[in-house]
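Morning, everyone. Let me put the model up, and then we'll go through a few local features.

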Amino acid sequence: MATAALLIIFTTLSYAQTLAPPKLAATAGQPPPAKKDSIQVVTKETPEVIVRETPQVPPVITREPQVVTKEPQVVTREPRVITKEKQAVAAKEMPSVVTKQKPEVISKPGPQVVTKEKKPKIITTPISEPIRPIAHYTFKTPEGQRESVQVITHYYPNQIVRPLATADKHIDPKLLRAASIAEERSHAHSRSLCWHYVKEALLASGVIDSRPKSELARDAADDLVTNYGFKKLSMRDPFAAPIGSVLVYGTSRSVGHVEIRTKDGFVSDFRSPTPSRRPLIGVYAKL
């Protein structure tokens, strides 16, 4: 700044000298004008103005977060099928590469396991045959009563050894009840209490109103006929005895045996499909 101020002063002085001679030229004989001292012009230096550059604030750049979603790439590689022809072509194209072939492993075939196919089980449901009504034949007796008998539709060539017993309408129906009670209370084997079990069955069914006092089984026939109104029937075959009838066996030297005829056998203190082997005294029933 000082050098600039000096340059300004010198330029002003030179300019003043150039303008002065033509105006100050005097005629001859006139004394030259007195020289005036030059006045130094002192100029005040302009204060330095220090301008501080304001630091430029970098612009704030706001970037929105970018959400990058990458879809999973499914890379499917197709199996490379190398045939013998391709191997020959590749060997010709690259003759410098020597490839060692692996020794062939010859695997012996193992024993074959033969499995039998399981046949599916055929589940057969039983077919229920329709129940057919039993045919009956009705007729009138000489007395004028109407009766019916079952019509036989099957023939059995073998002889029936153990026929089923039938119910007689002339005897007391309470005897049928006594036969069923005795069968319910009986056992598989004998307990030597045949007359005791027959007494209990007759008393429970209501055929008799008091307990017989006889002890031995062979005396049951006389006790039933004398005290309770039983009668001896005409048949001698135990299988022909009607259901509910009382069969008495024995001799004068034995204790005897008593049993009741059921539909398919005989019962006392035990059940049996056949009658006793003792001698039969008689078949008794209450009419």
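A cut-off before we start: buried means under 20% relative accessible area, exposed means over 50%, and partly exposed is in between. Keep in mind that this is a predicted model.

Aromatic pairs come up now. How many does a search of the whole structure find? It finds 2. A pair of aromatic rings is described by the distance of the centres and the angle of the planes.

Take Y137 and F139. Their rings are stacked, 6.2 Å centre to centre, with 15° between the planes. Now apply the cut-off. F139 has a relative accessible area of 29%, so F139 is partly exposed. Y137 comes out at 51%, so Y137 is exposed.

Next, F239 and F266. The centres are 5.9 Å apart. The planes sit at 70°, and therefore this pair is edge-to-face. Where are the two residues? F239 lies in the loop between strand 3, 231-232, and strand 4, 246-249. F266 belongs to strand 6, residues 266-267. That is 27 residues apart, so the pair links distant parts of the chain. Buried or exposed, for F239? Buried, at 18% relative accessibility. F266 is buried too, at 2%.

On to the helices. Look at helix 3, residues 174-185, and helix 4, residues 194-205. Their axes come within 8 Å. They cross at roughly 130°. The crossing of helix 3 past helix 4 is right-handed.

Which residues make the contact? From helix 3, we have K174, L175, R177, A178, I181, A182 and R185. From helix 4, the residues are Y197, E200, A201, L202, A204 and S205. Sorted by class, that contact has 8 nonpolar residues, 4 charged and 1 polar.

Last stop, helix 5, residues 220-227. Four names to find on the screen: A220, A221, D223 and L224 are buried there.

Over to you for questions.

Notes: Residues are numbered from 1 along each chain as its sequence is written. This is a predicted model: local features need pLDDT of at least 70, side-chain atom pairs count only at pLDDT 80 or more; totals for chains, interfaces and linings use all residues. Side-chain values use heavy atoms; hydrogens and water are left out. Axes are lines fitted to C-alpha atoms, for helices over the stretch in contact, and angles run from 0 to 180 degrees between N-to-C directions. Helices (H or I, at least four residues) and strands (E, at least two) are DSSP runs, numbered from the N terminus. A crossing is left-handed if the near helix is turned anticlockwise from the far one by less than a right angle, and right-handed if clockwise. Contact means heavy atoms within 4.5 Å. Ala, Val, Leu, Ile, Met, Phe, Trp, Tyr, Cys and Pro count as nonpolar, Asp, Glu, Lys and Arg as charged, and the others, Gly among them, as polar. Rings of Phe, Tyr and Trp (its six-membered ring) pair if their centres lie within 6.5 Å; planes under 30 degrees apart count as stacked, over 60 as edge-to-face and the rest as tilted. Buried means under 20% relative accessible area, exposed over 50%, partly exposed in between (1.4 Å probe, protein chains only).
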